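The structure comes first, and the notes follow by topic.

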Amino acid sequence: MTAGTVIIGMGNPLLSDDGVGIAVAHAVAERLQRTMKLTVTELHTGGIRLMEAMAGFKRAVVVDAMLSGAAPGTLLQFDPADFVTTKNTFSSHDTDFATAYDLGRMAGVSLPEQVSFWGIEAREFDLFGEQFTDEVAAAVPGAVDRIIAQLVAWEGEA
Amino acid sequence: MTTRITIDPITRLEGHGRIDIFLNDQGGVENTCFQIPELRGFEQFCVGRMAEEMPVITNRICGVCPEAHHIAATKALDAVFGAEPTPVAKKLREILYMAFFVTDHTTHFYALGGPDFIIGPDAPPSERNILGVARKVGLEVAGEVIACRKRNHEIITFLGGKSIHPVAGVPGGWSRPITAVERDQIQDTARKNIEFARFSLGLFEKIVLKNPLYLEMVTSDTYLHRTYSMGTVDTDNRTNFYDGMIRVVDPDGTEFVKYHPSEYREHIAERVEPWSYLKFPYLKKVGWQGLTDGIDSGVYTATPLSRLNVSEGMATPLANAEYQRMYETFGCKRITTARYEPIHHRLATHWARLIELLYASERMLELALEPDITSPETRTIPDPSCFTGVGIGSVEAPRGTLTHHYETDARGVLTRVNMIVGTTNNYAPISMSIKRAAEKLITSNAPEETILNRIEMAFRLYDPCLSCATHFLPGKMPLTVSFRDSGGGLLRELRRKG
């Protein structure tokens, strides 16, 4: 049995734009604190950890920095079906998310019925710092709005 | 005139590494070069902060072993503040650390190292993963791996005060004692860990040791390097992950040096090569002779295998029996009543890792059975008159000896930060193993996938964490191997999609 929604912010909050997923996850939860019960989780690495972070929840939203070559600040949404990888959803110490998800199923882990991935294109990701670059900082409010819209739509379906 | 081969980057590994393999005119491998993009500004990020922030800052350098950084940083702070932790504080730190070792070594064996043996080194990558392992040895193993991670993560979470990034380490101790109920949970977890570790060693025996082909692969000279070995030992010269002296033995197994971690600068120097921004640590008193092994080369290894090489047996009974079995399988002679000649066959690192898994499980139980483990005396409050302003903290991280070194001003504000992380120790041996693998492959007509995977196997046995080594970040990339001539011209390119 699964219940509730988890929002997982991925990345390293000490590495400039890499922390944008975590910031967005917290911002979404803060805006929704009076209207929706959300669990927020911060994760550095993906793979099996990411699968485990979703275990037991009915729905999961994952927000991560990405390096796709798009303009910094670009926001993309992926469904698990067409999802390959964003910056941190793969763990080189175990496996990619898709394999971890299959492993969880194989092991009988209760995994969400709905999973949505969001990637925000990063610009600076190899410099220690707690500030986002301008383009990425400017993308945060829009990302928060769109993720909230999705969560509200999901609630409507329930 | 040399030819250059580039492998860019390595799948199933942290970070975006690019390998260049330089060929000489005869077509032999001249040298290998392993490049990793660097994260910048870590020291500058830390300098100016209060030293006590370090256990929670450094545990975010990398998501793979936050526990190792947390404990090393906390130990460095003990020294900065001159506060000797209470006995129970040391035990609680070590319990958390054993739980972490169990999850880390388990995951490496089943997801990374094991597939090459259990599925086979030449199987397609789509099968050579943890799912393939479960299909081959039984689906229940998937559940066992997940259950092992879960029960140990629960211990780490309540002991560490937070999931994933522990916060409980403070100078002079640990923030919280444990209850009798928590103690019982730790004991129960440790017992299950012991069973699981024995099961894993049994699997290794059944699938690897009883298969002549794989046994030959493990004992062949493909990944053999006769380097010095390093590891942390307790007062009886037996492996300890949490605390002790650093022991180094030479390639024949004679003790070269034993020193306190705070003396590392007297023993370890770092070589800078123009073609890489990773520094190569080496034994200062032996000297740098390049990427070569032997008693005259200061190259050393800090891995599960090297830790066993320096140890007078394991400190726990079941792990010790397995330790003896491994050295006897390799035909090593006893040097002392408890220790054997070192094993230099690098693929045996996978076996050593499983022996360490068993040791960590047994050690966890030993600690949880200590009568004072629920004592509330978890902290020595630092006395301002004991403040030193300098702290060097060291632990054995799963990937090698981890050292944190902090210096502060009189107010405890950081003025200098240095770290030698587990993987960095092994930078030279990793490069040597790549070179050896390349030498074997360069003249063969092996299929592309075989070349790619055999070179990856050279890396994988070290489980390098490039995230730490360069303060770099993960990301899955396709693997490309490029063969280039000295002018950079592309001769041949092998590519695996991510």
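Predicted model: local features only at pLDDT ≥ 70, side-chain atom pairs only at ≥ 80, totals over all residues.

Is B:Asn237 buried or exposed? B:Asn237 has 21 other C-beta atoms within 10 Å, so the residue is buried.

**Chain B overall**

- Chain B contains 16 helices and 16 strands.
- Of the 498 residues in chain B, 57% are buried.
- Among contacts in chain B with a separation of 6 or more, 70% are between residues 24 or more positions apart.

**Helix 4 of chain B**

- Helix 4 of chain B spans residues 87-118, and 30 of its 32 residues are buried, which leaves the helix mostly covered.
- At B:Phe109, helix 4 of chain B bends by about 45°.
- B:Gly120 follows helix 4 of chain B and has a positive phi, near 115°.

**Helix 4 against helix 5 of chain B**

- The axis of helix 4 of chain B comes within 8 Å of the axis of helix 5 (residues 130-137) of chain B, and the two cross at roughly 55°.
- Helix 4 of chain B and helix 5 of chain B pass each other in a left-handed crossing.
- On the side of helix 4 of chain B, the contact is made by B:Tyr110, B:Ala111, B:Gly114, B:Pro115 and B:Ile118. Helix 5 of chain B contributes B:Ile130, B:Gly132, B:Val133, B:Lys136 and B:Val137.
- By class, the residues of this contact are seven nonpolar, two polar and one charged.

**Helix 11 against helix 12 of chain B**

- Helix 11 (residues 317-329) of chain B packs on helix 12 (residues 348-368) of chain B at an angle of about 165°, and their axes are 8 Å apart.
- Helix 11 of chain B and helix 12 of chain B are therefore roughly antiparallel to each other, since that term applies to angles over 145 degrees.
- The crossing of helix 11 of chain B and helix 12 of chain B is left-handed.
- From helix 11 of chain B, the contact involves B:Leu318, B:Ala319, B:Glu322, B:Tyr323 and B:Met326. These meet B:Ala348, B:Trp351, B:Ala352, B:Ile355, B:Leu358, B:Tyr359 and B:Glu362 of helix 12 of chain B.
- The residues of this contact divide into ten nonpolar and two charged, with no polar residue.

- Most residues other than glycine have a negative phi.
- B:Asn237 has a positive phi of about 65° and is not a glycine. B:Asn237 is located in the loop between strand 6 (228-233) and strand 7 (245-249) of chain B.
- A:Ser16, also not a glycine, has a positive phi near 50°. A:Ser16 lies in the loop between strand 1 (5-10) and helix 1 (20-31) of chain A.
- A:Ser16 is buried because 26 other C-beta atoms lie within 10 Å.

**B:Asn309**

- B:Asn309 belongs to helix 10 (residues 304-309) of chain B.
- B:Asn309 has 30 C-beta neighbours inside 10 Å and therefore counts as buried.
- Apart from neighbours within four places in sequence, B:Asn309 is in contact with B:Ser229, B:Val249, B:Pro342 and B:Ile343.
- B:Lys258 is 51 residues from B:Asn309 in sequence, and the C-alpha to C-alpha distance is 14 Å.

Definitions and conventions. Residues numbered from 1 in each chain as written. Chains lettered and ligands numbered in written order. Axes fitted to C-alpha atoms, helices over the stretch in contact; angles between N-to-C directions. Helix = DSSP H or I, 4+ residues; strand = E, 2+ residues; numbered from the N terminus. Left-handed = near helix turned anticlockwise from the far one by under 90°. Contact = placed C-beta atoms within 7 Å. Nonpolar A, V, L, I, M, F, W, Y, C, P; charged D, E, K, R; others polar. Bend = angle between axes of the 7 residues up to and from the residue. Buried ≥ 20, exposed ≤ 12 C-beta atoms within 10 Å, placed from the backbone. Parallel < 35°, antiparallel > 145°, perpendicular 65-115°, else oblique.
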